[in-house]
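Please look at the structure below before reading on. The questions and answers that follow take its parts one after another.

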Amino acid sequence: MENKTTRNLYTIPYVIWVAFFVIAPILLVLYYSFQDLEGNFSLTNYRNFFTPIYLEMTLSSFWYAFLITLITLLFAYPIAYLLTKLKHKQLWLLLIIVPSWINLLLKAYAFLGIFGTYGMANKFLETIGIGSKQLLFTDFSFVFVSVYIFIPFMILPIFNALDKLNPTYLDAANDLGASRWTTFRRVVFPLTIDGVKAGCQITFIPALSLFMLTRLIAGSQVITLGTAIEQQFLVTQNWGMGSTIAVFLIIFMFIIMFATGTKRRRARG
Amino acid sequence: MDKRISPLSRIFLIVMFALLYLPIFYLIFYSFNSGGNMYDFENFTFDWYKELFQDTRLLIIVLNTIVIALLSALISTVIGVLGAMMIYKIRSSRTKNALLSLNNILIVSPDVIIGASFLILFTIAGIQLGFYSVLLSHIAFSIPIVVLMVLPKLSEMSPSLLDAARDLGASRWEVITKVVIPYITPGIFAGFFMALTYSLDDFAVTFFVTGNGFTTLSVEIYSLARQGISLSINALSAIIFIVTMLIVVIYYFLTRRGKKSPDLEVLK
């Protein structure tokens, strides 16, 4: 038998990583959230967070995240459902995923052109007789682009859930006289709810925290929690307040993860 | 497409696919526009590509991005594999789950929080913001995904395989290099590729922890895009699109070789 300490040497890098890059950052954010601008311990930041300005921002951030998640779901579910009916479904699914591999910034940048004053969207609006509108830097474009970005991540788990669905259940429902809507409502949807939850989780958390989309597409029209954190850290240099908002974002994240009940998902954007 | 879906559904799917790819092809299309904007196509030109390849600053940034991606993927794969082995060996399921939860924190955390907390960390640790801070952050957020890719491979490995190797007189080192590593190689490759794409894709974390002298492509695109439209970005995105497609195809065939259908759930 070799020496026990030398045997466990290989665990050192990973343990260091857990200590310095997982535990330490969380503690540091927590520590900074209790510091005011002069570096003294105080609850000022938390008091500030509960003022109408920040509460309103949090609420609007949640509203947008909710809207984005809902619209994404409304499109993603039928797409995922139809995809499972196709012949080469794995290939089609791959085609859905490919755009998500393109850098997010490039996609946002593309919409700068499409939604621009003379862009394609306005040309389309003119052709159908509505006339050109200010699209860029509105909350509409923010929601549209976000839905565009998140839809592959929503389709993926729903597709997987639908794909695992046993088709004999549908036959059974059909035989027992259920209409197509009843079958969907009572059989298909409940059996794929885990995929829906996972998709909502993947969409909702980044929708709360993305800041580059808001900056590029929505201008100053939309402020999300992510934008506020970025603002406090990199513009105002008020790390204390930024950390406080981050603490709340982490708390919201845990609540959402608890509510949607699935772990091991990457929320990124 | 199949006959099992109605024509209306088919139209819906076609429109959705078209919408999904429209922005990407829109970008690529206007990268050939001599007019210099994204709405009025004048003449076909390669000027923006020429400009792109003459822009040494941008080329250095591309190089930086690739170096960071390769280095961080390599290092995080090594640490991630070691971590997965460590988690695999833990017997108590409670410790195991606790460690797995810790492992997954960086996967579920929003990028802004990772970026902000790493910024605090590097400032306190006295690490200058630049190449090393970006590299360290990329390694840090890639490790958990490597662990998640490798761990299932380790768990599905039959313990009798290890017993057999030991019975036949293999040393601990031989068991690991001759039995374990070859068995989990698909997981290691998947982890490496994921780490690579996470690093190439990352904007928010890098944006927080990069200093004045160092930028990656995402950050550069962001600052260029904030100034408005420049068709060099379009040219760049066309090239990125082709490279991405190549990587996807390679990845698709690599994972396909191992099993019948690629496990797309883990792609992102």
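Helices (H or I, at least four residues) and strands (E, at least two) are DSSP runs, numbered from the N terminus. This is a predicted model, in which local features need pLDDT of at least 70 and side-chain atom pairs count only at pLDDT 80 or more, while totals for chains, interfaces and linings use all residues. Residues are numbered from 1 along each chain as its sequence is written, and chains are lettered from A and ligands numbered from 1 in the order in which they are written.

Q: Over residues 231–254 of chain B, how far apart are the end C-alpha atoms?
A: The UniProt record, an unreviewed entry, lists residues 231–254 of chain B among its features named "transmembrane region"; UniProt positions are given in the numbering used here, feature names are shortened, and annotations may be inferred rather than shown by experiment. In the model this stretch of chain B is 100% helix and 0% strand, and its end C-alpha atoms are separated by 35 Å.

Q: How far apart do the end C-alpha atoms of residues 62–251 of chain B lie?
A: According to the unreviewed UniProt entry, residues 62–251 of chain B carry the annotation "domain: ABC transmembrane type-1". The span is 85% helix and 0% strand, and the distance between its end C-alpha atoms is 22 Å.

Q: How many helices does chain B have?
A: Read from the N terminus, the elements of chain B run α-α-α-α-α-α-α-α-α-α-α, and its C-alpha trace spans about 75 × 60 × 30 Å along the principal axes. Chain B has 0 strands, and its number of helices is 11.

Q: How many helices does chain A have?
A: The C-alpha atoms of chain A fill a box of roughly 75 × 70 × 30 Å along the principal axes. Its elements, from the N terminus on, run α-α-α-α-α-α-α-α-α-α-α-α-α-α. With 0 strands in chain A, the count of helices is 14.

Q: Why is helix 11 of chain A largely enclosed by the rest of the structure?
A: Helix 11 (residues 193–209) of chain A has 17 residues and reaches 24 Å from its first C-alpha to its last, close to the 24 Å expected at 1.5 Å a residue, where the expected span is 1.5 Å times one less than the number of residues. A residue is buried if 20 or more other C-beta atoms, placed from the backbone, lie within 10 Å of its own, exposed if 12 or fewer, and partly exposed in between. Helix 11 of chain A is largely enclosed because the buried residues among its 17 number 14.

Q: Is Gln128(B) buried or exposed?
A: Gln128(B) lies in the loop between helix 5 (111–125) and helix 6 (131–156) of chain B, and its C-alpha atom is 9.3 Å from that of Val209(B), 81 residues apart along the chain. Because 12 other C-beta atoms lie within 10 Å, Gln128(B) counts as exposed.

Q: Is Gln237(A) buried or exposed?
A: Gln237(A) sits in the loop between helix 13 (225–235) and helix 14 (239–260) of chain A, and it has a positive phi of about 60° although it is not a glycine. Since there are 10 C-beta neighbours inside 10 Å, Gln237(A) is exposed.

Q: Which helix of chain B gives the most to the side that touches chain A?
A: Two residues are in contact if their C-beta atoms, placed from the backbone, lie within 7 Å, and 67 residues of chain B are in contact with 74 residues of chain A. With 12 residues, the element of chain B that gives the most to this side is helix 1 (residues 7–30).

Q: Which helix of chain A has the highest mean pLDDT?
A: The pLDDT is the predictor's confidence in each residue, from 0 to 100, and chain A averages 88, with 95% of the residues at 70 or above. Among the elements of chain A, helix 1 (residues 4–7) has the lowest mean, 70, and the highest, 95, belongs to helix 2 (residues 12–33).
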